[in-house]
Amino acid sequence: MIEGIFGKKIGMTHIFAENGAEVPVTVIKAEKCYVVQRKVKGRDGYEAVKLGVAEKKEKRTTKPMRAVFAKAKTPPLYHIAEFSCDEGDNYSAGSVVKCSEVFKTGDYVDVSGRTKGKGFQGSMKRWGFHGGPASHGSMHGRAPGSIGQSAYPSRVFKGIKMAGHMGNTDVTIQNLEIVDIREEENLLLVKGAVPGPVNGYIKIKRALKKKPAPESEA
């Protein structure tokens, strides 16, 4: 079985569980994932598939990548990533992977995406500093305060929390439960929030640290 697939974040909503509890979920559309390359243990040393998603115009593709897509008989694609798979998986270049073939309701997944970029931000917004007194003319306000020592060691240590670029980083949220799968619409409903903006592409993989509860024998 393939380790994961690509998806597009549609947005957040809520559903109601059988006991009437309201469950916040993120709606993820399982886009058409093409197999761009199949790697086998005998030739490459390990088992994996290289998946691609989001079609683009050929003129926006470099010549080396045009040859790769032509060999796989797939359209040019924006996002490509490698996912591990089992030795017996019968996926060849050019085939399409569906979400129902990889996941089922109740599975736990790790979701990776690129967070929203927020530009250059001050230390209070970026790190949650409380700031100085806001009254009696302290003139400290939203300033970060002292960042180092004067006599010794006379330098600023690496890693000091200061103002700077915020967001636009790769983030993985672990152990999110798949509440529902709607095959006719290719939608995954994942409990909780996932990184990235609406309509942003994310990677969904089977959780490394948490496994679904075993099904009770009838």
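Analyst: Helices and strands are DSSP runs, numbered from the N terminus, and a strand has at least two residues. In this predicted model, Lys39 belongs to strand S3, which covers residues 33-39.

User: How many helices and strands does the protein chain have?

Analyst: The protein chain has 3 helices and 12 strands. Its radius of gyration is 23 Å, well over the 17 Å given by the globule rule for 218 residues, so the chain is more spread out than a compact globule. Along the principal axes, the C-alpha atoms fill a box of roughly 70 × 55 × 35 Å.

User: Is Lys39 buried or exposed?

Analyst: Buried means under 20% relative accessible area. Lys39 has 15%, and therefore counts as buried. Across the protein chain, buried residues make up 33% of the 218 residues.

User: Which side chain makes a polar contact with the side chain of Lys39?

Analyst: A polar contact is a pair of N or O atoms within 3.5 Å. The side chain of Lys39 makes such a contact with that of Glu82, at 3.2 Å. Not counting residues up to four places away in sequence, Lys39 also touches others, including Asp44, Tyr46 and Lys50.

User: Where does Met162 lie, and which residues does Met162 contact beyond its neighbours in sequence?

Analyst: Met162 is in the loop between helix H3 (123-127) and strand S9 (164-167). With its neighbours within four places set aside, Met162 is in contact with Ser123, Arg126, Trp127 and Ile147. Trp127 is 35 residues from Met162 in sequence, yet their C-alpha atoms are 7.9 Å apart in space. Met162 is partly exposed, at 34% relative accessibility.

User: What is the phi of Asn199, and where does Asn199 lie?

Analyst: The phi of Asn199 is positive, near 70°. Asn199 lies in the loop between strand S11 (187-191) and strand S12 (201-206). At 48% relative accessible area, Asn199 is partly exposed.

Conventions:
Residues numbered from 1 in each chain as written. Predicted model: local features only at pLDDT ≥ 70, side-chain atom pairs only at ≥ 80, totals over all residues. Heavy atoms only, no water. Helix = DSSP H or I, 4+ residues; strand = E, 2+ residues; numbered from the N terminus. Rg over C-alpha atoms; globule rule 2.2 N^0.38 Å. Buried < 20%, exposed > 50% of the residue type's maximum accessible area, 1.4 Å probe, protein only. Polar contact = N/O pair within 3.5 Å; in protein donor to acceptor, adjacent residues only side chain to side chain. Contact = heavy atoms within 4.5 Å.
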